[in-house]
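User: Please take me through this fold. I want the overall picture, then some local details.

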Amino acid sequence: MSNDVMTPPHALVSGASIAGLSAAYWLRRTGWDVTVIERAPAFRDGGQNVDVRGVAREVLKRMGLFDAVKALNTTETGAVFVDGRGRVTAELPAGPEGATAELEILRGDFARAILDHLPTGVEIVYGDTITGTTEDDDSVTATTAAGRVLRADLLVVAEGVRSATRDRIFGELVGRRALGVNMVFGTIPRTAGDDDRWRWYSTVGGRQVHLRPDNHGTTRAILSYPRDEDLASLDRDQALARVRARYAGAGWEAARVLDGFDASEDVYVDHLTQIRMPTWHRGRVCLVGDAAWCVTPMGGGGASLALTSGYVLAACLSSTDTEAALTAYERWMRPLVESVQKLPPGVVRAAYPRTRLGLALRTLVVKALTSRLLATLTARFTRVAGTDRPLPPIA
């Protein structure tokens with residue numbers, strides 16, 4: 001009788017936000033040794049609202065985290081459109097699948113909830129990043145900026161939309177679809193005039209200002225406008241200077257938000273770009289979350305897809321060999337992703353009217369869509385990451 005003990009397979013996960021931590025959680029639960037490498041020097045708190053919708057709610061329940069995430073709700077109760085004086089012009093449908101979901105949580109709070117419930121045995125390395133990879137028939141080896149050499153049976157890339165590891169490995173297979181929209185996200189001080197609703201203001205030039213409550217005593221703000229220039233390619237000071245010039249005379253709370261961003265340590269600039277790829281795996285390397293498909297806030301459901309992808313990947317790997325499992329993972333996830341990525345024609349122009357006439361027409365359309373007659377139909381537009389297919393079982 002042999003006394004040999006089978007060594008568990010080892011997964012290296014690059015990226016410690018929602019997708020990477022979900023993959024780490026489920027791979028460990030299914031018997032893998034897991035190492036997570038994260039370029040930030042420590043866990044990254046902060047970030048804007050994300051929500052858990054569709055099939056991701058079932059994944060959360062299987063993790064035993066549904067109640068924990070619900071307890072971290074941002075306190076947002078609904079969403080309204082406002083005019084330049086802050087007066088409500090229309091109210092979006094509320095409810096579990098409304099604009100404000102039942103499970104509405106800040107990105108950092110969501111990721112920390114997963115981090116705090118990782119199974120024993122997941123190793124996390126902060127302050128390092130992958131600089132190169134090599135593969136042989138049965139393993140992948142990653143070298144890092146800090147000089148580490150990490151051998152694994154699988155590399156899971158969860159680095160987000162601008163993943164450098166993905167770009168090195170997949171090269172020409174990485175397709176990008178820029179939506180022509182810039183967004184600046186940040187945390188600003190709460191004032192007495194802020195309430196528990198997501199307030200959405202639009203003005204000429206396609207300029208939008210969003211204010212949303214959080215559960216930390218501050219307010220989450222977004223400035224968003226259509227423009228082909230890529231603010232994300234600029235440094236913070238340059239980007240904020242461009243935005244300040246762009247929002248001159250915008251009205252409502254724009255000046256307050258700009259001043260708040262100047263003093264905030266939690267500012268993120270994005271030029272909305274979808275990632276579209278014919279495959280999400282190559283050899284022993286697999287992509288999850290935004291690194292694979294980035295649906296952008298225009299599509300919504302990015303956090304739900306990220307959470308779900310970690311479960312589906314681990315479930316598929318639990319029942320078959322690596323190559324077949326990665327194919328099965330893609331086959332299950334792709335319809336879900338494509339249903340979110342497929343934006344209606346003209347959605348950017350409709351969402352960002354640039355003239356006073358366009359704004360007036362949009363206001364009329366929104367009032368009609370949010371009327372009692374059409375509210376049920378309108379609510380369907382916020383139903384993302386839903387599927388009638390059962391989640392793949394864990395063997």
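User: What share of the chain is buried?

Analyst: This is a predicted model, where local features need pLDDT of at least 70, side-chain atom pairs count only at pLDDT 80 or more, and totals for chains, interfaces and linings use all residues. Residues are numbered from 1 along each chain as its sequence is written, and side-chain values use heavy atoms, without hydrogens and water. Buried means under 20% relative accessible area, exposed over 50%, partly exposed in between (1.4 Å probe, protein chains only). Of the 395 residues in the chain, the buried share is 54%.

User: What is the radius of gyration of the chain, and why does it count as compact as a globular protein of that length?

Analyst: The chain holds 13 helices and 18 strands (DSSP runs: H or I of at least four residues, E of at least two, numbered from the N terminus). The globule rule, 2.2 Å times the number of residues to the power 0.38, is compared with a radius over C-alpha atoms. For 395 residues the rule gives 21 Å, and the chain is close to that, so it is as compact as a globular protein of that length, with a radius of gyration of 22 Å.

User: What is the relative accessible area of W252?

Analyst: Most residues other than glycine have a negative phi. W252 has a positive one, near 45°. W252 sits in the loop between α6 (236-246) and α7 (254-263). W252 is buried, at a relative accessible area of 19%.
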